[in-house]
Amino acid sequence: MTNLAPLVSTISAAFLGSFVEMVEAFTIVLAVGLTRGLRPALTGAVLALAVLTALVLAFGPLLALVPITILQFAVGVLLILFGMRWLRKAILRSIGIVPLHDEEAAFSKETAALRRQSGDRRADYLAGLAAFKAVLLEGVEVVFIVIAVGGAHGQTLNASLGALAAFVLVMVIGLAVHRPLARVPENALKLVVGLMLTSFGIFWTGEGIGADWPGADLALLAIFAVVALASLAIVRWLRDAHPAPAGERPR
């Protein structure tokens, strides 16, 4: 059971985090593909994936040279900061202070921008660049999530499998429907991922400074529960202090 907890949590965090990022990247690539054709969309996406692969191959092996306690502490702190950023955004969106991310709106905005560029002789280049930037920017976050949640406990391969599963699922659904994945409960997913990344961060920061967690890896579940309860309490408190406009609901 103690070996199962980090395995399941690592794969889940990598899958959910990657899924959210890939949905956002897919929206832009789809807009490029439907507006300018498959060639600039695929060219931009493939080039971005090549850059991401090069980054992983270049910097991934360097992690093995870092002492495990230093790696756990550094990754733990970064995960806390990264996870809290996701949590903050998800909480503010859930109470209506920050607008919910709308994939249909993002798709329409990108499509309109590409159509305005249609008269430019560099239109295909600009479209490919848009696909490249979308995949690269979202992909960097995916790479960070995979390395961060997997690297500190030797679970990088399992984290990579979770990210790969997310990539395949987004591609299959997206190519099947040929529409932005607007019905994905993105804010709820970001809240869960934020909770998981923050929990990983607390756990590994503790290990990095020599903490002996009760229950070993099972302590991750307890940390997750505490962070989740604290976050839900903050959501309830903020909703009472800042009531959302009628009809506005998180998705």
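**Ground rules**

I am working with a predicted model, where local features need pLDDT of at least 70, side-chain atom pairs count only at pLDDT 80 or more, and totals for chains, interfaces and linings use all residues. Residues are numbered from 1 along each chain as its sequence is written, and side-chain values use heavy atoms, with hydrogens and water left out.

**Entry 1: the largest pocket**

I started with pockets (on a 1 Å grid over the protein atoms alone, open sets of points where a 1.4 Å probe fits, with protein on both sides within 12 Å along at least five of seven lines; lining residues have an atom within 4 Å of a point). The largest pocket holds about 990 Å³, a volume being the space filled by probe spheres set on grid points joined across faces, edges and corners. I found 35 residues in its lining, and M22, L49, L52, V135 and F167 lie nearest the centre.

Next I looked up the helices (DSSP runs of H or I, at least four residues, numbered from the N terminus). At least two lining residues come from each of α1 (4–36), α2 (38–59), α5 (123–151) and α6 (156–177), and α2 gives the most, with nine. By class, I noted 25 nonpolar, eight polar and two charged residues in this lining. Here Ala, Val, Leu, Ile, Met, Phe, Trp, Tyr, Cys and Pro count as nonpolar, Asp, Glu, Lys and Arg as charged, and the others, Gly among them, as polar.

**Entry 2: the second largest pocket**

This one has a volume of about 320 Å³. Its lining has 15 residues, with F59, L63, V143, F144 and I147 closest to the centre. Two or more lining residues come from each of α2, α3 (68–94) and α5, and α5 has the largest share, at five. I found 15 nonpolar residues in this lining, no polar and no charged.

**Entry 3: helix α7**

I then followed α7, whose 23 residues reach 32 Å from first C-alpha to last, close to the 33 Å expected at 1.5 Å a residue (1.5 Å times one less than the number of residues). Of these 23 residues, 18 are buried, so α7 is largely enclosed by the rest of the structure. Buried means under 20% relative accessible area, exposed over 50% and partly exposed in between, with a 1.4 Å probe and protein chains only.

G206 lies in α7 (residues 186–208) and counts as buried, at 8% relative accessibility. Beyond its neighbours within four places in sequence, G206 is in contact with A211 and W213, contact being heavy atoms within 4.5 Å. After α7 comes G210, with a positive phi near 90 degrees.

**Entry 4: aromatic pairs**

My search of the whole structure gave five aromatic pairs (Phe, Tyr and Trp rings, the six-membered one for Trp, with centres within 6.5 Å; planes under 30 degrees apart are stacked, over 60 edge-to-face, the rest tilted). F200 and W204 are a tilted pair, because their planes stand at 40 degrees, with centres 4.9 Å apart. Both lie in α7, four residues apart, about one turn of the helix, and both are buried.

F203 and W213 are stacked, because their planes are at 20 degrees, with centres 5.8 Å apart. F203 is in α7 and W213 in the loop between α7 and α8 (219–241), so this pair ties together parts 10 residues apart in sequence. F203 is buried at 1% relative accessible area, while W213 is partly exposed at 23%. I also noted that F82, W86 and F144 form one aromatic cluster.
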